[in-house]
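Please have the sequence and the 3D view open while reading.

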Amino acid sequence: MTKKELTKDPLNLIITGVGGQGNVMISLIIGNAFVREGFLVTVGETYGASQRGGPVMSHMRISKEIQYSPFIPDGCADIILGMEPVETLRMLGKYGNPNVITIINPRPIYSIDVTGGHAQYPDLNKLIETVKELSSQTWLINATEEAQKMGSHMFANAILIGALIGSGVLPLDKKSIEPVLRETFPKEIETNLVAFNKGIKLVKT
Amino acid sequence: MANIEINAPGTSQLFIGNEAIARGALEAGIGFAAAYPGTPSSEILGSLAQVAKKMGIYAEWSINEMVAMEAAAGASFAGIRALAAMKQNGINVVSDFLANLVMSGTGKGGLVLVSCDDPSAISSSNEQDTRPIAKWLDIPLVEPGDFQEAKDMTKWLFDLAEELGTLCILRSVTRIAHARGNVKLGELPTKQHKAHFDQIHDLKNVMPTTFMPLPSSLRHFFLHMKLDKAREKFESSPFNRYVGPDKADLLIITGGSCWLYSQDAIEALKLRDRVGILKLGTLWPLPERFVTEHLNKSDKVLFVEEIDPFLERSVMELAGNFPPNALRPTFYGKRSGHINAYGELNPDMVIKAVSTILGLTYQARDVAYSKKSEALVKSTVPERSMTFCAGCPHRATFWAIKNALKLDGRDGFVTGDIGCYSLALGPAGFFQVRTMHCMGGGAGVANGLGKLGQFGFDQPVIAVVGDSTFYHATIPALINGIYNQSKFILVILDNSATAMTGFQPHPGTGMTAMGEPTKAVSMEALCHALGAHVEVCDPFDLKGTTATLLKMMAEDSGAKVAIMRRQCELIRAKKEKSPYNVRVDVEKCIGEDCGCDRLCTRIFLCPGLVWDKKAGKSRIDEVICSGCGVCVDVCPQGAIIREAA
């Protein structure tokens, strides 16, 4: 096995979306892969009542030296994986900086505030432009759309994990993720692997 | 949940703090574990129950925290190491038993209570601190500072509890209990458990055995001897340590997750050679010599802790006993306003406190970027309020309650309780719930309201409780309502699980924590036996449910029970496909012109139904919609169509 190095220590990764989308699952898969490669990993998650349709985020701190706290300090995210567009922008406002790298699934999920007429969902194209403006690098991955083509929006998570790995922003490769995917989705592993590989392909085109 | 019985000593696993605590209990050789679910503590018993059969131990979801603690004490009395786990509020429920248990002492099996606090009340109705309760009840308390310690400390605490013969508390907070980190595994014991309740008093023993008849004040004296012994052990505990220079510009005294925040702050500010951290793990009784030795590291001391100023007060009390001419550092913390006296902390708050005291400036990111990104979020990012899941039976129930109360016309209202349905304080449940306190509290409050007729009170009162909450703490309030003829309706939201905390089974489900079928305690049979008028409704039948509630409100008799029976959507969705394909007929939907004030999207607020502003029509979001079909009965235009899937 080649020795895997961090570009920065600690490396701070945020996974964000809406309660029910599966951000905990993604953080668990990435986190487990890092622990198996010998890293110290801390993951903090939104949980409990905020999972019921509220904004959710996982903070992941990866280090060779220190067991960091489960909170990334403000302005200190290195990578943001956004499963929903406005939630991605919400994270950039608090944790972004000129060097942050963003991977974004552009499928909106409307909040009850928007549906009920108490808030406005911004224009999607403008929103994505803003995310690009606030990031040093942005990948747009139509994960939900691609997953629906595969039969279920649930495969969006494996596509996004594929995109995250394929982008090369983490010192992890296919080999470090695949065994964890197999343990996490023993029943639907084949489709999830197809989705994972699709994510890798999408990020590279 | 992770597999906590993996037999691979020396390997690192990614565990949440709760799993680490459960693994520590396994490594300590526990035989018995009991708990009532409560965020952020639930996965301790959950992960133990998952491996209980294989490990030859017993694990149960108890009806409430009181019974969990008493049952665990029973096991201890018969020589079995036992654990009870609960959230912060659980310790309130158990406190009467604890106040007596400390006097009797435990049995030959070490007994540990794990109490998980929830600073900022992220998933709680209140914010409270277990540490002063331990002090008040004379119970030794320790708190892990990371995930590895959560495991190691639990194992160590069983040895200590057994040696002292008294209950010990492991306190944890959300950001340890529910965060994940590295845990290096130890050995799992292979010892067989043998239980026996020893009835012979050992009169030669200096410490009284558990059931020797003795005056309570004498037992209190012996308890203080145990605490002195605990303090002595704590003086050399490996869970207390100092990290930093010999002479520091500032000394931080901290423990628990705040140790991690303090460490983050020192790294962010690059102050390793200027600021020292005294990280404490054994918090009560305070290891006074150890703390005193380290107080001279600096003339400035900052206490970094969440909720109550527990360490701050303990150390100031200690310093108050120093000789008159002794040097005392300047203390910073909650009293000085440098650390918030409420809510949870984070690295940024510690960075701010340290920077203020040392006169430093800290800038995490480019100022122009900060201004721009914050302004963009403010101007473009919409709010995202919490709501019931698509297909949740509670939304339908509160819709029926709202309509029934309106039709009744006497300004009726709802007293609430603890669970997902607490969301009915807000728009998700149409602001129907008016009071919320503790488990069972809503029914108790309704008892009083229902007896105010002689003072001209005519408002119908509905108390809502979840199914698990009904068994936990509501039955005495219902009996009281029947006995004293208090006029209210107890609505039991029976979704067949303790949904809020992760779908744990309860006495009504017919399933044990270890996955064995058991005798279900039927809530309607129980209520019938108590003499209540009982109705069972399907909340998805909006019309029928509304009519039943309206009829019950008109009755003049005492406490009545309406059971809303419909499985939690998140459980149903795991087992079966959606019952319906739901769509909006764009021809029939008249959008904003609807005389119903856009009932479906403006009022009913199911996240599966969205408003297509451009088209001026409602639309189903196929990613969110669960296919329950309830909205079909909400639309007065008949524009929402459900077809069998």
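Two strands count as paired if DSSP finds at least two bridges between them. Helices (H or I, at least four residues) and strands (E, at least two) are DSSP runs, numbered from the N terminus. The model is predicted, so local features need pLDDT of at least 70 and side-chain atom pairs count only at pLDDT 80 or more, while totals for chains, interfaces and linings use all residues. Residues are numbered from 1 along each chain as its sequence is written, and chains are lettered from A and ligands numbered from 1 in the order in which they are written.

**The sheet in chain B**

- His533(B) has Lys560(B) in S20(B) as its bridge partner.
- Strands S19(B) and S20(B) (residues 560-565) run parallel and are joined by 5 bridges.
- Both belong to an open sheet of 6 strands with parallel pairing, in the order S16-S15-S17-S18-S20-S19 (chain B).
- Strands S16 (433-435) and S19 (533-537) of chain B each have a single partner strand, so one side of each lacks a neighbour in the sheet.
- Helix H18 (residues 542-554) of chain B packs on the sheet and touches strands S18 (489-494), S19 and S20 of chain B. Contact means that C-beta atoms, placed from the backbone, lie within 7 Å.

**Where chain A meets chain B**

- In chain A, 55 residues are in contact with 55 residues of chain B.
- Elements giving two or more residues to chain A's side include helix H1 (23-36) and strand S2 (40-45) of chain A.
- S2(A) gives the most to this side, with 6 residues.

Methods: Contact = placed C-beta atoms within 7 Å. Axes fitted to C-alpha atoms, helices over the stretch in contact; angles between N-to-C directions.
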